[in-house]
Amino acid sequence: MEKVSGANVSTARGREEKMTETNKVTEQVKFRVILGYSVVLLLSAFLFNSPSEIISGLVNLTKAPSILVTDYMVVGNVGSAIFNSSLLMIIVTLIAKYNKVDFNGPIIAAIFTIAGFALFGKNMYNVWAILLGVLIHAKMKKEKFSKFIIVAFFGTALGPLISQITFGLDIPLPMAIIYANIAGLIVGLVLPALGAHYVKFHQGFNLYNIGFTAGLVGTFFMAFLRSFGFENPKTLYLAEGYNRIFGTYLSVLFISMLILGYIYNNKSFGGYTNLIKRSGRAVTDFVVLDGFGLTLINMGLLGFITMGYILLVGGQLNGPIIGGIYTVVGFGAFGKHSKNIIPVMIGVYIGAYFNVWEVNTIGPLLAALFGTTLAPIAGEYGWKFGILAGFMHMAMVMNVGSLHGGMNLYNNGFSGGIVAALLIPAIDAFRRKEEAA
Amino acid sequence: MIEERLKSIKIVDELINYCYKVGITQIHVDLNDTDTGITITVEGNCDGISEKDLQSLNEFLSIPRQEEIEDYYWELIGEGEKNELALVGMVTDEGHASYTNKKLSITISLNK
């Protein structure tokens, strides 16, 4: 590497120049692309069900307690689940636009995560109190809502807390609605402070930081409910038999991302090797660092990798699994890439293979998808540690769900935070010792 | 106001960490806190810094400020040995690094 010694060098570039280099795609274009995907997905709901079936399905899924694992394709129907998902996607995209937030990595990740989880837990009833709680937090601090919008969007992970209290605890409905939404408001009020603080716990190596935070908050609420004699039932609704149709559906989606990405990346796939050199640790915003085009290419690739894994191990494409795929695709804008997710997925596979679980059942499949929350460990420390993280995650994630009674949808983020907090200080300590030797 | 000062402490930590990594052992920090903003300059002598590293540093520091990132992730700045220069760029308004006569100088400013 060429060293510059003693010469007068100043390669500083102003912000304007930098912006033109990585943000060739304007905010308006990014907004239109994201909104365009939401609208197309919304319209695709009508390929599966008639408008009346979709409306009745929406009513059913909105009234579901929605704790893990509730596939809206079963409690509603396929069309209503897709409609619910894309409608929420449209709403949060418009909220982001209204608040003048740049459509960069974290926002794109949040929008796709909401779309994914709206296939199995988030709906038009259970997200609002949490969003309102964060808005009140912002007003109390005399700050703009946009400063907390990431927490607000991801914070909807605790939507099932609202649905479960409303519809699952046999409390008279008017009182249940009040209790549930008060709980949601409290969640929204405290999450911004907790989320910013807990990110240090795992040093940004758990990408689903709000998953970890919501896990702790959900654990408190579950303990509170249990102290009054309430208990959440074990829930498992899963659709089956849609692999061919969803395989085609998702392939079209991911191919379109590759094509759009190719176009916005100056009709090239160039630069991808630089993108996968990044560790992915928070905060790695691929839109800012590598451009919108490359980010879309990365998102499309991650879509194929994750869908390929599910089909390869004999899993089923249904609401929760597609939700997991959407989430990984979204985080293709914010920390995940082909090089850092694969070791973690292999680790989860090995864990499930040697443990008591079948690799193609819902728990290990979701662990393989959402376990990629630990992808930055592979990115920073190498593939061996990525596999180790995945292996540890597989065991951990199957044990933490009962703490929050399935009310934290980002259960893998909760587990990932614990695994990262166990692993990172240990790796760092041995590394320091090696360097000192 | 308090939060801006806490951020500036973290930023100083991060920049000192960077200086150590490029071999600077005598580091000078200048922090100027005014009504309108905080300016931090960290500088020191080192034998050499590659053009690529200097360019990369400037790219990170010139990332536009992102409010939505700032309040959520700023506590990661200056934590441990990990590089968070991109995050420094995301929480500051201006950033600039230069290498002149064997002296590396990094200046950032944060509007209030």
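User: What is the mean pLDDT of chain B?
Analyst: The mean is 91, and 98% of the residues of chain B reach 70 or more. pLDDT is the predictor's confidence in each residue, from 0 to 100. This is a predicted model: local features need pLDDT of at least 70, side-chain atom pairs count only at 80 or more, and totals for chains, interfaces and linings use all residues. Residues are numbered from 1 along each chain as its sequence is written, while chains are lettered from A and ligands numbered from 1 in the order written.

User: And which element of chain B has the lowest mean pLDDT?
Analyst: Strand β3 (residues 49-50) of chain B, at 88. Strand β1 (residues 28-33) of chain B has the highest, 96. Strands (E, at least two residues) and helices (H or I, at least four) are DSSP runs, numbered from the N terminus.

User: How many helices and strands are in chain B?
Analyst: Four helices and five strands. From the N terminus, the order is α-β-β-β-α-α-α-β-β.

User: What does the C-alpha trace of chain B span?
Analyst: About 35 × 25 × 25 Å along its principal axes.

User: How much of chain B is buried?
Analyst: Of its 112 residues, 44% count as buried. That takes 20 or more other C-beta atoms within 10 Å of the residue's own, with C-beta atoms placed from the backbone; exposed is 12 or fewer, and partly exposed lies in between.

User: New topic. What ipTM does the complex get?
Analyst: The predictor gives an ipTM of 0.89 and a pTM of 0.93.
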